[in-house]
Amino acid sequence: MGNLTATRPPQPWTAPTASDPVAATLRLPGSKSMTARALVLSALAAGPSTLAGPLRARDTELMAAGLRAMGAHVSISDDEQWLVRPHPLVGPAHVDVGLAGTVMRFVPPVAGLADGQVTFDGDPYVRTRPLGPLIEALRSLGVRIDVTGSGSLPLTVLGTGRVTGGEVVIDASASSQLVSGLLLAAPRFDRGVVVRHVGPPVPSAPHLRMTVQMLRAAGAAVDDSTPDVWTVEPGPLTGRGWEIEPDLSGAVPFFAAALVTGGEVTLQGWPRSSSQPVEQLRSLLQRMGGEVTLSTSGLTVRGTGVVHGLTADLSDVSELTPALTALAMLADSPSVFTGVGHIRGHETDRLTALAREFTALGADVTESPDGLEIRPRPLRGGVFRTYHDHRMAHAAAVTGLAVPGIEVDDVGCTSKTMPEFPALWSAMVTGKS
């Protein structure tokens, strides 16, 4: 007989309710976005690199495994410092992208530089995530790609060891990762690349700025002075030591806990100058009733126990939408969030999922094509479904601080970006480490 427990659904996790203001000082894992970019740049560099304070989670382990499958030496045995030694990239190889948009969009351009076939596939839902613009862009730059479906996974890159490069026009309104994926590999293309975006605004602009900053730090010549145009010159990338910042998106639920409970949360190890959208987050949390300060101790958020609603365009910080939606449900006035229609193509359709799950708890929430309208009213406990989406679990945890009986159907999905989330969260709420 087979393993009868393998298909059992996970046991629901009861989100702890706060009886007192939280008071916590946390050191959270590194930024997923920085870890992913550093891995790619290191695999394409001319010499070895190290990543200090990287994020160990499903997405980043899949990224490391994908690069390793093509020949790069990637050692992640040490949690504090990963080592990447570049080697010629070769196929045949297979890359499992899981549910990771970064792997799905950053690695195919790298695979074009491999000598041999590289196949890509992942979890069933990932086949619905937008990839068509990247496929067409790579084809126009000289990469041969076989696609069995309609513009998404699974696909096979038929690498020849080099990519011609040149100019390409792309509609990246579905995800900034479509541009970042092209830019990260572009220094190794024969002619580099000029990427022109045509279409609605590119979301998550801070992530594109991070890509450009990290390319320059690795020695690439990048011109982003013209709006919606990015030029990367061909040339070698330098191996280097990368200092990975704490993950701002992962920190937001913990900061939200300070607002909900009238407590104080400090994230240690925060740099004075960050490539993540700290100022946007500071503004949003202050408008919702928090006080945000940066000191030598770290990034600190204090709350009063009263949360205010707000109207905000979240297009630059769309990853924060689930946690901010949970805050808005507990606010003293309505909220309207816009600019996040593209998160319908993330791990799940986040707008529909948020509206559905909060409505089931008694919320008054309305979907719009690109956002949510929230009119706070008392919520009740119940099962909160995550749809395998880590950010949905974060939203449920924030809600559970003030609403007893929130049962998260699969808190294990938080392993995508923070495997220790349930333990860290419970320790913060109970005050027991």
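The second largest cavity of this predicted model has a volume of about 40 Å³. Its lining consists of Ser249, Val252, Pro253, Glu319, Leu320, Pro322, Ala323, Arg391 and His394. By class, these residues divide into five nonpolar, two polar and two charged. H7 provides the largest share, three residues.

Two of these helices also form a packed pair. The axes of H7 and H11 come within 10 Å and cross at roughly 10°. Since angles under 35 degrees count as roughly parallel, H7 is therefore roughly parallel to H11. The crossing in which H7 passes H11 is right-handed. H11 has a further partner in helix H10 (residues 350-360): the two pack at an angle of about 30°, with their axes 11 Å apart. That angle makes H10 roughly parallel to H11 as well. H10 passes H11 in a right-handed crossing.

How many cavities of 30 Å³ or more does a search of the whole structure find? The search returns two. The general principle is simple. A probe the size of a water molecule, rolled over the atoms, shows where empty space is left.

The largest cavity has a volume of about 440 Å³. Its lining comprises 35 residues. Lys32, Ser33, Gln177, His207 and Glu319 lie nearest the centre of this cavity. The lining of the largest cavity has 10 nonpolar, 14 polar and 11 charged residues. Four helices each supply at least two residues of it: helix H1 (32-43), helix H3 (101-111), helix H6 (205-217) and helix H7 (248-261). H3 gives the most, with four residues.

About 450 Å³ of space lies in the largest pocket. Of the 19 residues that line this pocket, Leu28, Pro29, Gly30, Gly53 and Pro54 are the closest to its centre. The lining divides into nine nonpolar, three polar and seven charged residues. Domain 1 and domain 2 both contribute to the lining, so the largest pocket lies between them.

The second largest pocket has a volume of about 180 Å³. Arg58, Leu99, Asp123, Pro124, Tyr125, His388, Asp410, Gly412, Cys413, Ser415 and Lys416 line this pocket. Four of the lining residues are nonpolar, three are polar and four are charged. Domain 1 and domain 2 are again both represented, with at least three residues from each.

Most residues other than glycine have a negative phi, and most peptide bonds are trans. Two peptide bonds depart from that pattern. A cis peptide bond joins Gly91 and Pro92, with omega about 5°. Pro92 sits in the loop between strand E5 (81-85) and strand E6 (93-96). The bond from Leu153 to Pro154 is also cis, and its omega is near -5°. Pro154 is in the loop between strand E8 (144-147) and strand E9 (155-160).

Asp228 is not a glycine, yet its phi is positive, at about 65°. Asp228 is placed in the loop between strand E12 (222-223) and strand E13 (229-232).

Conventions: Residues numbered from 1 in each chain as written. Predicted model: local features only at pLDDT ≥ 70, side-chain atom pairs only at ≥ 80, totals over all residues. Heavy atoms only, no water. 1 Å grid on protein atoms, 1.4 Å probe; cavity = no way out; pocket = protein on both sides within 12 Å on 5 of 7 lines; lining within 4 Å. Points joined across faces, edges and corners; volume = space filled by probe spheres on them. Nonpolar A, V, L, I, M, F, W, Y, C, P; charged D, E, K, R; others polar. Axes fitted to C-alpha atoms, helices over the stretch in contact; angles between N-to-C directions. Parallel < 35°, antiparallel > 145°, perpendicular 65-115°, else oblique. Left-handed = near helix turned anticlockwise from the far one by under 90°. Domains from an automatic or database assignment.
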